[in-house]
Amino acid sequence: MSENNFFERKGPFSLKELFNVKSKEKKIKFVDVKILSSAKKNDITFFDSINYKDFASNTKAGCCITTDKLKAYLPTRCTPVLVKNVLFELAKITKKFYPLADVDYPDTTLRKPKTSKYSNVKFGNNVLIGKNVKIGKNTVIGSNTIVEHNVSVGKNCVIGSQIVIKNSIIGDDVVIQDGAKIGLKGFGFIPLKGKNFRFPHIGRVILKNNVEIGSSCTIDRGSVDDTIIGENTFLDNQVHMAHNVKVGKNCMIAGQVGFAGSSTLGDNVSIGGQAGISGHLKIGNNVKIGGGSGVVKDIEDNSVVMGYPAVPLKEFLKKGQKVE
Amino acid sequence: MSENNFFERKGPFSLKELFNVKSKEKKIKFVDVKILSSAKKNDITFFDSINYKDFASNTKAGCCITTDKLKAYLPTRCTPVLVKNVLFELAKITKKFYPLADVDYPDTTLRKPKTSKYSNVKFGNNVLIGKNVKIGKNTVIGSNTIVEHNVSVGKNCVIGSQIVIKNSIIGDDVVIQDGAKIGLKGFGFIPLKGKNFRFPHIGRVILKNNVEIGSSCTIDRGSVDDTIIGENTFLDNQVHMAHNVKVGKNCMIAGQVGFAGSSTLGDNVSIGGQAGISGHLKIGNNVKIGGGSGVVKDIEDNSVVMGYPAVPLKEFLKKGQKVE
Amino acid sequence: MSENNFFERKGPFSLKELFNVKSKEKKIKFVDVKILSSAKKNDITFFDSINYKDFASNTKAGCCITTDKLKAYLPTRCTPVLVKNVLFELAKITKKFYPLADVDYPDTTLRKPKTSKYSNVKFGNNVLIGKNVKIGKNTVIGSNTIVEHNVSVGKNCVIGSQIVIKNSIIGDDVVIQDGAKIGLKGFGFIPLKGKNFRFPHIGRVILKNNVEIGSSCTIDRGSVDDTIIGENTFLDNQVHMAHNVKVGKNCMIAGQVGFAGSSTLGDNVSIGGQAGISGHLKIGNNVKIGGGSGVVKDIEDNSVVMGYPAVPLKEFLKKGQKVE
């Protein structure tokens, strides 16, 4: 499960083959691109924000794309490649490793499911299943739904109709309602006049046991990291979750909530309808976010917030009184 | 049309079979779960908020799940079953009556429509129709659309492509645009750590004559009650309407508006894009709600409101001036 | 490409055949309905707002539906037809020319694509293609996707699964992600108690080269004019774009943004998630609009705005401080 087998990977590559920037040349060949915490000796990682300095100083990566300012946080075992735009360099070398992960090319291995292979699974009409898809027993998959290659779906799941699932690992007892789109490429690119450079999305969507995804939700897969929804977390309809978001257990997320990328939510978080969560935030455990709020700052455990921008509930109510 | 035939119903059950709480035992067997106003002698109902006291005192139900505080409003003909959490008890007994209404199990009766049965209906390609579906003459149904068992669609309707309709009664001259999902289970459950208890949704979606539903809308069916959209009301794209919402006639609801559950709207209401309507509210006739507003209180007839939270338009404009 | 061949057109019609209002009778027969700037001698146009006076005085239309107040702006070569409700009269005569453009009747010409006709195109499973569809070489179209009659798709495009495209002209190197609905009828009608009068939508959606449309977006076609998205503009998931919106080049539009009809955006505009743009606005070049904003006024080039309603960023930040 830890191996990324959704995209064909090229390589290995030496630093000379990968970069046009100066770096201590080494004979070592690199095999993959990983985040700071999971990269190993033969992986390349990246470090672009002081927020991640603790991960940087503990990384086991053999090489790290970073800036002159940040390089000091890296351990000596890690060769820094110094650049101006970390994400652009990262995008370019990720595309070298994974040339087909920057656009969602439709899966050409889709076929009608073989009943011999999926003897304990119930399928609706016109279901399409890709190569190497695993589906647990007693799972039901509704009509016109597409499950692309290498996806894994657990047992006792109810997957509705007109759904697309790709690049995802889905646990047991998961419910996905009609029309949801899971595991698509996120909205990540380097803006360039005339032709943006798309960031290859080599991450996955991980839905833990007992998750429910409402109708017409869009859950994008991670870019380098994964998008993860914890056990027993329920999403209402038309929720949009961008790449790399991590949601804890037992959360309740109401209709039309939107998440920008890379935020992390704790357990037992509840979010009211149409609220928006900005990117790269840390939302604690047991947080309650009122409907329609716009969250732009980290939120501590056990807080109740509301408003645009979201503030503690007391402050929000006081605000209202002052003006009236 | 008044009989619920979308879900298999078990029973009848005695109070002893249904509850583990104390109650005046009776020999009577109960056949169904209904709301206060429509329950009869052999039905069980529920009463969990003082807002519904007038319905409670007039109910014809033989039994009512309620609290010690509220029981006094019930007529003597109605046996109260006193509990701490009315909705949890309701969910549990509703699941006894309707064991398969808490998750949208894909319809296994879907087939290509028989032209002999639907001689006056035009179908696109790959349309799937469930058992006992009724479709009126001159109705057109677009490609890849799914209409599940027992749904009724009126005459002269234009149902687009890639739509799912279930548990719904649809009038004449209704237009539904591509990708809409109508009649799915709503976002209702008792939150329990590790495994939420889903509320069975035994209600329906009722679309009256001349309704238009925009592309990619999600209209959830009712939990015990129905979700209803009145005559000649038009919804733009990506509107989300939660369970039990009731909308009057001649309303205009712009794109991406979201409704939490159980609110009631009058006639001739207009709602601007991206506005949100909280749950259990009463919005009067001829109300105008500005785009992006967040409505959290009841609104009287003929009001014009705007803002987050929504206030009368004059107040909203004054607010803006004060700050500038 | 300039000829509208998506809808069957009736006519030509004389003014006597079209209107029940007084007008200088002429022998001339009119062939089409066009906007002020593109109408020719044999076309009818309309002029309902002083904002468009410059277009009015330069129009080459032979006839214009307008009001007594506005008629003075029209050149003498253009016969004014004076009415009280310009849009209602326009809707009625547009329906005479295009009787089938007011509802999206599912395309009955859809078939499996002929490999002989599309030898350089890759198709997924169950793709449906209408009559006279043009698709450029190396384009890929995912499973269950529908491309309706007369649509044109450029080369090297990646069109995902479960998409509907109608009444659209799509450039080269365009990416459309799963579940998007492109070219549907917009939310335009004359509200009438009991039965609204739908505005025929005879415009198109034009996606220029290198555009990317996220999953589950809805991009409505124009009413009389077109909806246009400029080169290299990227839209994230669940964006709703109403009829006649025009977006420039190199724009970035984040998830769940909503556009009401007929606004115009310049180049290099970025819009944060869940922002809303009201109708008939002019947004300049290089504008940045913060997430969750509600834009209700025109915005000048190079502005940065935020808030509901959106104000210059400095003002928005000051506002927050005053209240706290």
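**Entry 1**

I laid chain B on chain C first. Copies are superposed by least squares on the C-alpha atoms of residues with pLDDT of at least 70 in both. I then looked at the surfaces these copies use. Two residues are in contact if their C-beta atoms, placed from the backbone, lie within 7 Å.

I note that this is a predicted model, where local features need pLDDT of at least 70, side-chain atom pairs count only at pLDDT 80 or more, and totals for chains, interfaces and linings use all residues. Residues are numbered from 1 along each chain as its sequence is written, while chains are lettered from A and ligands numbered from 1 in the order in which they are written.

Next I laid chain A on chain C. A turn of 120° and a shift of 0.0 Å along the axis gave an RMSD of 0.0 Å. The two copies are thus related as by a three-fold rotation axis. Chains A and C also use different surfaces, as 17% of the contact residues of chain A recur in chain C.

**Entry 1: where the chains touch**

I looked up the contact between chains B and C. Chain B brings 37 residues and chain C brings 36 residues. On the chain B side I found 8 nonpolar, 26 polar and 3 charged residues. For these classes, Ala, Val, Leu, Ile, Met, Phe, Trp, Tyr, Cys and Pro count as nonpolar, Asp, Glu, Lys and Arg as charged, and the others, Gly among them, as polar.

I turned to chains A and C. Here 35 residues come from chain A and 37 residues from chain C. Strand E17 (181-184) and helix H4 (313-323) of chain A each supply at least two residues of the chain A side. H4(A) gives the most to that side, with 3 residues. Helices (H or I, at least four residues) and strands (E, at least two) are DSSP runs, numbered from the N terminus. The chain A side divides into 15 nonpolar, 13 polar and 7 charged residues.

**Entry 2: the sheet in chain B**

I traced an open sheet of 9 strands in chain B. The order is E8-E11-E14-E17-E22-E25-E28-E31-E34, and the pairing is parallel. Two strands pair if DSSP finds at least two bridges between them. Strands E8 (128-129) and E34 (294-295) of chain B stand at the edges with a single partner strand each, so one side of each is left without a neighbour in the sheet.

Strands E25 (residues 240-241) and E28 (residues 258-259) of chain B pair in the parallel sense over 2 bridges. His240(B) stands opposite Gly258(B) in E28(B).

**Entry 3: Gly179(B)**

I found Gly179(B) in the loop between strand E16 (175-176) and strand E17 (181-184) of chain B. Is Gly179(B) buried or exposed? Gly179(B) counts as buried, because it has 31 C-beta neighbours inside 10 Å. The cut-offs are 20 or more other C-beta atoms within 10 Å for buried, 12 or fewer for exposed, and partly exposed in between, with C-beta atoms placed from the backbone.

I left aside the neighbours within four places in sequence and listed contacts. Among the contacts of Gly179(B) are Gly179(A), Ser215(B), Gly179(C) and Lys181(C). Lys71(B) is 108 residues from Gly179(B) in sequence and 45 Å away in space, C-alpha to C-alpha.
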